[in-house]
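Here are some exercises to work through with the model open in your viewer. Try each task before you read its solution.

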Amino acid sequence: MASYRCLLILTVITVFFFSATGNDANDANWLEGHATFYGDMSGRETMMGACGYGNLFDQGYGLETTALSEALFNNGATCGACYEVKCYNDPQWCLRGSVRVTATNFCPPNYSKPYENWCNPPQKHFDLSMPMFLKIAKYKAGIVPILFKRIPCVKVGGVKFELKGNPWFLMVVVYNVAGAGDVRALSIKGSSTNWMQMSRNWGQVWDVHAQLLGQGLSFRVTTSNGRTVEADNVVPSNWQFGQHYEARVQF
């Protein structure tokens, strides 16, 4: 009887552990993948990533970020999307709980190592910032199985725009986008022009060949879920390259 009770207690503890660490792959909202980390606890290596964002602390993303494998990155179209990630089905290395991160970088494939590189397609892989990885797994694990799902992005303030380029070529970085998070289309209007569709340069950097210096600027932002907001006259006519502007609208 004593042995039976010990076995029963052990079984209950095991079931509770896997439930707490996310052993619910049958939930249709969750997908399976793997996670590693890059950089150190300061997050310096996560700055200036493949999405076109700059200082992630200044832009509000902080350390709650991840690089995505090619299967998830979608040539940069997924930049800005938010995910919930938790360690899964590895009681030796998993920690309880989950993290919420924004996609800000790319984990490139290495086709010379088809069986060793976790970022090669078709694998769904998250290369988390080190602080985020250590919230869901132990350092020595290095790589762990995970469950992940898209979640709405929650941001403080309005959609923000950074202006780059030259007098004949304007590039705009769109960030701090709530809701779906990832921008599917961007249009721009000068105070002396009609609406113009911008092109994705890379990540969340958009461009247009137009002379817009000296004009106030408005934007239409459309996210991947089809929602659109219009930021009218968000940029004054005396704008300069390198400056940031915040709209009074948000998703």
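**Exercise 1. Aromatic pairs**

Task: find how many aromatic pairs the structure holds, and work out how the rings of Phe 161 and Phe 219 sit against each other.

Solution. Start with the total: there are nine aromatic pairs in the structure. Rings of Phe, Tyr and Trp (its six-membered ring) pair if their centres lie within 6.5 Å; planes under 30 degrees apart are stacked, over 60 edge-to-face, and the rest tilted. Now take Phe 161 and Phe 219: the ring centres lie 4.3 Å apart and the planes are at 10 degrees, so this pair is stacked. Phe 161 belongs to strand β7 (residues 160-166) and Phe 219 to strand β13, so the pair ties together parts 58 residues apart in sequence. Strands (DSSP E runs of at least two residues) and helices (H or I runs of at least four) are numbered from the N terminus. Both Phe 161 and Phe 219 are buried, where buried means under 20% relative accessible area, exposed over 50%, and partly exposed in between (1.4 Å probe, protein chains only).

Trp 239 is buried at 4% relative accessibility, while Phe 241 is partly exposed at 30%. Finally, Phe 37, Phe 133 and Tyr 139 make up one aromatic cluster.

A word on the ground rules: this is a predicted model, so local features need pLDDT of at least 70 and side-chain atom pairs count only at pLDDT 80 or more, while totals for chains, interfaces and linings use all residues. Residues are numbered from 1 along each chain as its sequence is written, and side-chain values use heavy atoms, with hydrogens and water left out.

**Exercise 2. An open sheet**

Task: trace the order of the four strands in the open sheet, then say which strands stand at the edges.

Solution. Walk across the sheet: the order is β10-β9-β13-β14, with antiparallel pairing. Two strands count as paired if DSSP finds at least two bridges between them. At the edges you meet β10 (195-197) and β14; each has a single partner strand, so one side of each is left without a neighbour in the sheet. On average, neighbouring strands here are turned by 25 degrees against each other, direction ignored (axes are lines fitted to C-alpha atoms, for helices over the stretch in contact, with angles from 0 to 180 degrees between N-to-C directions).

Then look at the individual pairings. β9 and β13 are antiparallel over seven bridges, and Gly 190 has Leu 217 as its bridge partner in β13. Between β13 and β14 there are five bridges; Leu 217 is partnered by Val 235 in β14. β13 and β14 make a hairpin with four residues between them, and Gly 226 in the turn has a positive phi of about 90 degrees. Six of the seven residues of β13 are buried.

**Exercise 3. Salt bridges**

Task: which residue meets the side chain of Arg 220 in a salt bridge, and how many salt bridges are there?

Solution. First, the rule: a side-chain nitrogen of Lys or Arg must lie within 4 Å of a carboxyl oxygen of Asp or Glu. That gives four salt bridges. Arg 220 meets Glu 230 at 2.8 Å, N to O. Glu 230 is also the bridge partner of Arg 220 in β14. Arg 220 is partly exposed at 32%, and Glu 230 is partly exposed at 33%.

Now compare Arg 150 and Asp 182, whose closest N and O atoms are 3.2 Å apart. Arg 150 is in strand β6 (residues 144-151) and Asp 182 in the loop between β8 (169-175) and β9 (183-190), 32 residues apart. Arg 150 is partly exposed at 39%, whereas Asp 182 is buried at 4%.

**Exercise 4. The largest core**

Task: which residues of the largest nonpolar core touch the most other members?

Solution. A nonpolar core is a set of buried Ala, Val, Leu, Ile, Met, Phe, Trp, Tyr and Cys residues joined through side-chain atoms within 4.5 Å. Among the 33 residues of the largest one, the answer is Tyr 83, Val 85 and Phe 126. β8 supplies the largest share, four residues. A second, separate core has 26 residues, including Leu 163 and Trp 239.
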